[in-house]
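Please open the structure in a viewer and keep the selection tool at hand. The tour below moves from one selection to the next.

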Amino acid sequence: MIRGRGLGSVCEDQPVDSDDARQEVILVVRPIPQDPVEGLRGIFAAVGSVMGSAMESAATTAMDAVATVAGPPTSAVLDRVVPGVTDAVIQRIDITGLVLGSVDLRAIVMKALDSLDLTRIVLERVDLRAVVEAALDSIDVTEVVLQRVDLVAVVDAVLDQIDLTALVEERVDIDALVATVDLEPVIDRLPIVEIAEYVIEQTDLPAIIRQSTGGVASDAIDAVRLRSYATDIATARIVDRLLPRRGRKLDAPGEPESLSESETVTESETVVTESETVPKGTS
Amino acid sequence: MTTFSEWQRGEGSHTASDYAIPEDARDFQGERAGFATRFLASAIDIALVALLMMGIWLGIEILQLIFTPGVEVQAPRAATLVVWGYVFTTFYWTVAWATSGRSLGAWVMGVRVVNRKGERLRFPVSLARAAFSVGFPIGLGWALVSKRNRSVQDVVLRTIVIYDWSLRAPLIIGSKRHS
């Protein structure tokens, strides 16, 4: 008889009983190690494998114990009986309930998860495009965004991060944009006369005209007027010194001071002194 | 340089009526004119009237020599000159002050006569002021001591003589320095 033991193989180095013509071969079937199935199926497969190994180990131990006590002839009987018994036992035991009640599935799962690179597995095994498209087909993304997203905050954050001016300068054809603008309403809103007066004043156009067209007579008249004005100031100053007062009130007509009939001027009123009134050209 | 915004707010700006005025004179436009200027303006007007009367007299005499040869040319009597001088001056000032607000002398000296609101004088006021000025010329002397450069005529008729070098009279004349 050739009796072999091993992991799925027949061992030929066992003693042979020459008296017995019959050779008995005991085959022990063990699962061929396979690459672990990844994912949730792998987890359950691992759990099943552990449970199967435990049952097989218990059966093997029991068979070895019986074979040791009863001897080789008994072993053959056991080979025939034990599988049937085992199947009957398995059929009568709620293995699922047993596993759920006795096994720390959470620890097993966590350990399995720790040993797995789920990200890589998902990237390799899952058709993400199909998943996403299916998800997008099933939901109204616009409505979800409008309801769930703070668009103002998003836009503000985006605007904070980009240089909008540079972006416009780079991407927008401003000349083409301006070319489409109707300028007439804009011009209608512009104070053209004020702008013209401003330009005339800032360029001192009157002075240019006077210098180009003015004659000796106008210059002489201006000089006489300025000299006369200076004489007014000087005369008033002399008189004011003779009289006990500080200055004159030379307000313009149309102002409240002009409408009053009083000749008196309070100290708080503005007085015109020589330093203020003498023109540059006559001092 | 004054920006347009500053200019619009009136910072460092002048009105259109100032454009023809030299920069040195812009600040005191619209202020009450002093005695010296007003005296010179009146003197120019009186001289102009005197020249006008002399021209009229010469014209009359020339016409007499033309049409009645041999007539002796006589110098006009002083009383006649004074009376006609008063009449001409009153008429001249009335028309000048009631229209443009200034006579030739006032234009030369750059002054203008307005009422207390800065408006052109009405004809009756202008006539009264002209007659008052011609009949009481010494009243101008009060402008020497008046706190507001007012002559007696100004006090009585509530008129004002201002510096105004602009060629055209604005509707309302105001002082740039005090506004």
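Is A:Arg120 buried, partly exposed or exposed? Select A:Arg120 to begin: its relative accessible area is 37%, so it is partly exposed. This value, like every other on the tour, comes from a predicted model.

**Stop 1: around A:Arg120**

**Stop 2: helix H6 of chain A**

Move to residues 128–138 of chain A, which make up helix H6. Select A:Arg129 and A:Glu133 there. Their side chains meet in a salt bridge, 3.3 Å from N to O. A:Arg129 has a relative accessible area of 62%, so it is exposed.

Go back for a moment to A:Asp117, A:Arg120 and A:Glu124: salt bridges that share partners join these residues into one network. Side chains of opposite charge can pair when their charged atoms come close. Over all chains, the structure holds six salt bridges.

**Stop 3: chain A as a whole**

The chain has 16 helices and zero strands. Of its 283 residues, 16% count as buried. Switch to a surface display: chain A exposes about 21,100 Å², and carbon and sulfur atoms supply 60% of that area. Among the contacts in chain A with a separation of 6 or more, 42% are between residues 24 or more positions apart.

**Stop 4: the loop between H7 and H8 of chain B**

Switch to chain B and find helix H7 (142–145) and helix H8 (152–157); B:Ser146 is in the loop between them. Select B:Ser146. With 0% relative accessibility, this residue counts as buried. Its side chain reaches the backbone nitrogen of B:Arg148 at 3.1 Å.

Next select B:Asn149, which is in the loop between H7 and H8 too. B:Asn149 counts as buried, at 5% relative accessibility. Most residues other than glycine have a negative phi.

**Stop 5**

Select B:Arg158, in the loop between H8 and strand S2 (159–163) of chain B. B:Arg158 is not a glycine, and its phi is positive, near 55°. It has a relative accessible area of 33%, so it is partly exposed.

**Last stop: confidence**

Colour chain B by pLDDT. The mean for the chain is 85, and 87% of its residues reach 70 or more. Which elements of chain B have the lowest and the highest mean pLDDT? Helix H1 (residues 4–8) has the lowest, 75, and helix H6 (residues 123–135) the highest, 95. For the complex, the predictor gives an ipTM of 0.83 and a pTM of 0.51.

Definitions and conventions: Residues numbered from 1 in each chain as written. Chains lettered and ligands numbered in written order. Predicted model: local features only at pLDDT ≥ 70, side-chain atom pairs only at ≥ 80, totals over all residues. Heavy atoms only, no water. pLDDT = per-residue confidence, 0-100. Helix = DSSP H or I, 4+ residues; strand = E, 2+ residues; numbered from the N terminus. Buried < 20%, exposed > 50% of the residue type's maximum accessible area, 1.4 Å probe, protein only. Contact = heavy atoms within 4.5 Å. Areas by Shrake-Rupley, 256 points an atom, 1.4 Å probe, with all protein chains shown as cover. Salt bridge = Lys/Arg side-chain N within 4 Å of Asp/Glu carboxyl O. Polar contact = N/O pair within 3.5 Å; in protein donor to acceptor, adjacent residues only side chain to side chain.
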